[in-house]
Amino acid sequence: MPVEVILPKVDMDMTTGTIAVWHVAEGGTVSKGDPLFDIETEKAAMEVEAPSDGTLHHIAYQEGSEVPIGTAIAWIYAEGEELGEPPATTPKDTEEPEIDTETAVLETIPSGPPASNAVPATPAARRLARAAGLALDGIHGTGPRGRIQSTDVEMAIEADAPQSARHPIKPQPGDLAIHTSGTGDGTPWLMLHGFAAEAAQWDTLADRLGQAAPVHRIDLPNHGRSPRRHITNFADLASQIRTAFDTLGKGPVHLIGHSLGGALAIALADTRPRRIADLTLIAPAGLDPRIDGDILRGIARATQADSLGPWLRQLTGDPATLSGAYIKAAAQARRDPAQRAAQAAMLDALFPDGTCTFDLTAALHRTTCPTRILWGRADRVTPWQAALRAPGRVALHLFDGLGHLPQIEAPDAVLDVLRPAP
């Protein structure tokens with residue numbers, strides 16, 4: 001019997017979805033896991049993979065068709081299997097759909113003129129091109145097999161716009177900065193820092209953990225040594241981090257993320273589950289809409305140590321934790337006005353009106369790897385009670401007297417959690 005290709009549910013409120021593009025033509029050969037088609041809803045977009053090996057036949061719905069969830073939209077025939085008449089397309093019960101989230105991409109879908117569906121591109125790139133009114137067939141793709149990424153579209157937008165209309169933050173080519181240290185041969189660690197920080201935030205943990213395994217630290221776009229880029233939303237940022245992550249090879253990693261980096265770590269664990277050995281989240285964003293925008297804006301605006309210090313100290317349970325030398329070093333790292341402007345724009349895109357607009361609770365519930373959350377009870381940026389939205393299998397470590405930076409305030413306590421006694 002041929003294998004049905006079912007239109008999956010992308011979000012909880014979804015009843016229908018639109019087929020944005022078929023990546024395989026009628027009669028095309030596919031392998032299990034190959035990109036098969038993209039689905040769109042009012043809230044999300046997702047690339048769906050082939051459920052089996054074989055040849056694609058009987059495509060029942062073409063690009064642009066709106067289809068009820070659970071509907072069989074095509075069939076995959078095994079090698080040598082006789083091709084019969086198109087089977088009936090009766091919607092199935094999809095209350096608990098089995099969706100491979102390896103390539104899931106959730107994002108807000110803007111309106112605008114349609115972009116070409118004949119060109120290979122990620123759903124994020126299609127949304128961005130549609131919003132800008134650009135044709136995809138005129139954009140060079142830098143992704144696998146020439147696929148167009150959202151960053152490719154951003155570069156095209158900058159090149160296409162007149163000088164007076166260009167965004168003041170110009171996307172720059174180049175990969176995100178990845179700092180690698182450690183001499184051990186154990187499973188590598190990957191660390192993602194939060195907003196307005198950089199890889200150096202992890203120095204103490206990296207030095208200790210690097211005695212037994214390699215340690216990779218990624219500077220987010222507009223941070224540290226990474227290039228300045230225009231970030232449109234969280235899905236765009238997650239896509240860029242995923243691209244950088246994919247350059248690290250195919251082996252598993254211990255993944256650690258703090259604050260915004262914690263949200264990105266959840267997104268990575270959701271879309272690259274087979275490569276995450278375990279997941280550690282330190283005061284992660286994305287589990288509660290509440291966030292102290294005043295503190296974040298204060299940090300983003302600060303131009304010198306005297307103005308930065310009071311805001312940084314708001315991140316700790318004990319203001320004396322951060323020395324004057326630490327604050328001066330942090331101010332020195334933020335001396336580039338273009339970088340500060342890029343971070344301010346990024347802050348507005350991710351946390352408009354001081355609100356965390358992306359919700360990763362469902363993604364956290366989908367993760368299958370061992371997961372722990374660490375949070376300071378004195379956190380002023382994000383409420384530790386957000387951790388209670390995690391599934392019961394997630395270990396929760398709450399620290400009295402610590403604020404938003406447990407890895408800096410009490411690195412030994414964090415290390416004890418990361419490397420429990422045998």
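The largest cavity in this predicted model has a volume of about 30 Å³. The count of cavities of 30 Å³ or more comes to one. Its lining is formed by Phe195, Ser259, Leu260, Ile291, Leu296, Phe351 and Val381. By class, six of these lining residues are nonpolar and one is polar, with no charged residue among them.

| Helix pair | Angle between axes | Axis distance | Handedness of crossing |
|---|---|---|---|
| H6 and H7 | about 155° | 9 Å | left-handed |
| H7 and H8 | roughly 115° | within 9 Å | right-handed |

Helix H6 spans residues 293–301 and packs against H7 at an angle of about 155°, which makes H6 roughly antiparallel to H7, as angles over 145 degrees count as such. On the H6 side, the contact is made by Asp294, Ile295, Gly298, Ile299 and Arg301, while H7 contributes Leu308, Trp311 and Leu312. The residues of this contact of H6 with H7 divide into five nonpolar, one polar and two charged.

Helix H7 covers residues 305–313 and helix H8 residues 324–333, and their axes cross at roughly 115°. H7 is therefore roughly perpendicular to H8. In this pair, Ala305, Leu308, Gly309, Leu312 and Arg313 of H7 meet Ile327, Lys328, Ala330 and Ala331 of H8. By class, the residues of the contact of H7 with H8 are six nonpolar, one polar and two charged.

Leu308 and Leu312 of H7 take part in the contact with H6 and also in the contact with H8.

Terms used:
Residues are numbered from 1 along each chain as its sequence is written. This is a predicted model: local features need pLDDT of at least 70, side-chain atom pairs count only at pLDDT 80 or more; totals for chains, interfaces and linings use all residues. Side-chain values use heavy atoms; hydrogens and water are left out. On a 1 Å grid over the protein atoms alone, a cavity is a set of points where a 1.4 Å probe fits but cannot get out, and a pocket is an open set with protein on both sides within 12 Å along at least five of seven lines; lining residues have an atom within 4 Å of a point. Grid points are joined across faces, edges and corners, and a volume is the space filled by probe spheres set on the points. Ala, Val, Leu, Ile, Met, Phe, Trp, Tyr, Cys and Pro count as nonpolar, Asp, Glu, Lys and Arg as charged, and the others, Gly among them, as polar. Axes are lines fitted to C-alpha atoms, for helices over the stretch in contact, and angles run from 0 to 180 degrees between N-to-C directions. Helices (H or I, at least four residues) and strands (E, at least two) are DSSP runs, numbered from the N terminus. Angles under 35 degrees count as roughly parallel, over 145 as roughly antiparallel, 65 to 115 as roughly perpendicular and the rest as oblique. A crossing is left-handed if the near helix is turned anticlockwise from the far one by less than a right angle, and right-handed if clockwise. Contact means heavy atoms within 4.5 Å.
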